[in-house]
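What follows is a guided reading of a structural model, taken from the contact between its chains to single residues. Please keep the sequence and the coordinates in view while reading.

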Amino acid sequence: MNKLRRFIPGWGIVPVVIFLAIWEIVARLNLIPGQLSFPPFSSVVIEFYYLTANGILGENFLSSLTRVLIGFCAGSIAGIAMGILMGWREGINKTLHPIISLFYPIPAIGWLPLLMLWIGINEMLPITIIFVCSFFPVLYNTVTGIRSVNKDYIQAARTLGASDTRILATVVIPLALPNIFTGLRLEAGMAWRVIVAAEMVAIPTGIGALLIQAESLIRIDIIIVCLMVLAVMCFAFDKFFGYLEDKATAKWR
Amino acid sequence: MPSITLKDVSKYVCQAVNLEIFDRELLVLLGPNGAGKTTLANVIAGLTDYRGSVFFNGAPVDKLPASKRSVGYLFQDLALFPHLDVAANIAYGLIAQQQSRERVDIRVKELLQMMKIAHLSSRYPKNLSGGEKQRVALARALAFSPKVLLLDEPLSSLDMQTAKYLRTELRQIQRNLGVTTVYITHDLEEGEEMADRIAVLQNGHLEQVNRPEEVFFYPKNEKVSDFIGAPNILDCEYCRSLGKGVMEVGCRDLRIIVPHDGNSVHRVALFPHDIYISETKPPGPEVNRFRGTIIDIAPADNVVRIKLKVGGTCLLAEMPYHIFEDMDLAVGKEVFLILKLRRIRVYENKDM
């Protein structure tokens, strides 16, 4: 019964339905002033079907998804590993912190011109951008998480005979997980925003490229389809990491 | 179990501390906040660097890291790992020391039963009460059979009733296991109840190390006396049992009735806040009621300390400032004193 309930939409669906209905009515009755073309929701759904059926949406979506997954995974793994090292070893933190502090505030998309010159316009470019976009925030959150673990837990583990490696693996990292997941959740959404920007500017395939092509053909329905795909992906990534975080920490938090 | 010797140990506020803790003894480290009690415990546990030497059974352990000293440490905030359930918390030290799975399981079960927390084994610390957490933390500290046990104000966060109950239990467990123990507290009453000996620490200096009653009735200096509440200590010249657990004692020209069931009373102690002052003659029987003259009045924080002369004896009394304001007390004025019977403490020197 509980499993069944999970699939029955709750009251949260009501505002969405109302919003879509208003959208449909406003577009059908042509209530938007000026020359702005505004397709009704039903046209967007039909266009979604066409784009899916002829494989254009799937192909571009998969290109973007592959880049996000590779860049995000690589950036996050590197960020977590480096973050653990910096958080655990004061010497490494003191050495690297000034450099990280310098690079962290640079918006990921700001690296694009430099990377276009260094890497060239190829598949590595969006992956590298996503790597940079994920690496610094995940690193920052991991360092914060590791360093904010109560020192009493570490000392308690030490008096119980645990080695430094064991303390790190069994006490510090598990207790830093909430912070690490916060970084991952934030950056999973950000990765999609950045990939679209990169594809719009420099890469001929992917959701961002489809968006920019639709803009040049003044196909607002396709633009809205792409935006909806992006919204769903950001939402799905956020929910996925939320689920993982719950699995890992809900019992004891 | 080892004896512990600290030789010229210096760290932060603690300077050149020398202390010997005997085998199987429970030594209470007593002192106000910031006296250096936790620092000394951390030195013994090897959790901090320090100057000087620490010996376990005469062998130096200065080069041993905390993980090799075999010290069970109960932290002030207990430091139970929040991400591990009760059984896993208790097993942590055993697993860290690479004991076999079967041995770990047996020992965990043993401790769960000893601490009467078997029903909590799969709960997480967030779902435990203060007393339950305390038991789990103690079980974890004892799990790997440490040579030394350090208890850093372990009951400070508990309500009075639970704390009192757990104190008795803690003492019993310590005696049964015979583990050399250092118990840190700033509470004199708690210290007296737990200690084989008390070490009074103030500003990093060990002021006195003695049996509890000796610390109380023979404070070595003014600092110790002030810390334990500056009691009026009176030598008794004679004592006479009145039966039913009360005695009459004579201290100079005062005849005081004290609650005591023993053979003799050597000294009595009256806390300043346990001496009531009245401007009029109090009603009731003439027991522990005296007439005295105020010889000094000294305000201190939110209390007023009043020195009185009762016959040939000087007594210090204390009252809250707001009560003093409502009374008309002045130096030279004659007042009545009442001693609270149940608050009078007695010292019976059994060695004599």
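**From the interface inwards**

In this predicted model, 19 residues of chain B are in contact with 17 residues of chain A. On the side of chain B that touches chain A, the elements giving two or more residues are strand S6 (71–74) and helix H2 (86–96) of chain B, and of these H2(B) gives the most, with three residues. Sorted by class, that side of chain B has 13 nonpolar, four polar and two charged residues.

Just after H2(B) in the chain, B:Gln98 takes a positive phi of about 55°.

Is B:Asp85 buried, exposed or partly exposed? Because 19 C-beta neighbours lie inside 10 Å of B:Asp85, the residue counts as partly exposed, the threshold for a buried residue being 20 or more. Leaving aside neighbours within four places in sequence, B:Asp85 is in contact with B:Ser122, B:Arg123 and B:Tyr124. A related pair is formed by B:Asp85 and B:Leu120, which are 35 residues apart in sequence and 8.7 Å apart in space, C-alpha to C-alpha.

In chain B, residues 24 or more positions apart account for 65% of the contacts with a separation of 6 or more. The chain has nine helices and 21 strands, and its C-alpha trace spans about 75 × 45 × 40 Å along the principal axes. Of the 352 residues of chain B, 40% count as buried. The assignment divides chain B into domain 1 (4–227) and domain 2 (235–347), and the C-alpha centres of these two domains of chain B lie 38 Å apart.

Within the range assigned to domain 2, B:Tyr238 is found in strand S12 (residues 238–243) of chain B. B:Tyr238 counts as exposed because it has 11 C-beta neighbours inside 10 Å, where the limit for an exposed residue is 12 or fewer. B:Tyr238 and B:Ile228 are ten residues apart in sequence, yet their C-alpha atoms are 26 Å apart in space.

Two packed helices are described by the angle between their axes and the distance between the axes. For helix H4 (residues 56–88) of chain A and helix H7 (residues 124–147) of chain A, the axes come within 6 Å and cross at roughly 30°. That angle makes H4(A) roughly parallel to H7(A), because angles under 35 degrees count as roughly parallel. In passing H7(A), H4(A) makes a right-handed crossing, and the contact between H4(A) and H7(A) has, by class, 22 nonpolar, eight polar and two charged residues.

Technical notes:
Residues numbered from 1 in each chain as written. Chains lettered and ligands numbered in written order. Predicted model: local features only at pLDDT ≥ 70, side-chain atom pairs only at ≥ 80, totals over all residues. Contact = placed C-beta atoms within 7 Å. Helix = DSSP H or I, 4+ residues; strand = E, 2+ residues; numbered from the N terminus. Nonpolar A, V, L, I, M, F, W, Y, C, P; charged D, E, K, R; others polar. Domains from an automatic or database assignment. Axes fitted to C-alpha atoms, helices over the stretch in contact; angles between N-to-C directions. Parallel < 35°, antiparallel > 145°, perpendicular 65-115°, else oblique. Left-handed = near helix turned anticlockwise from the far one by under 90°.
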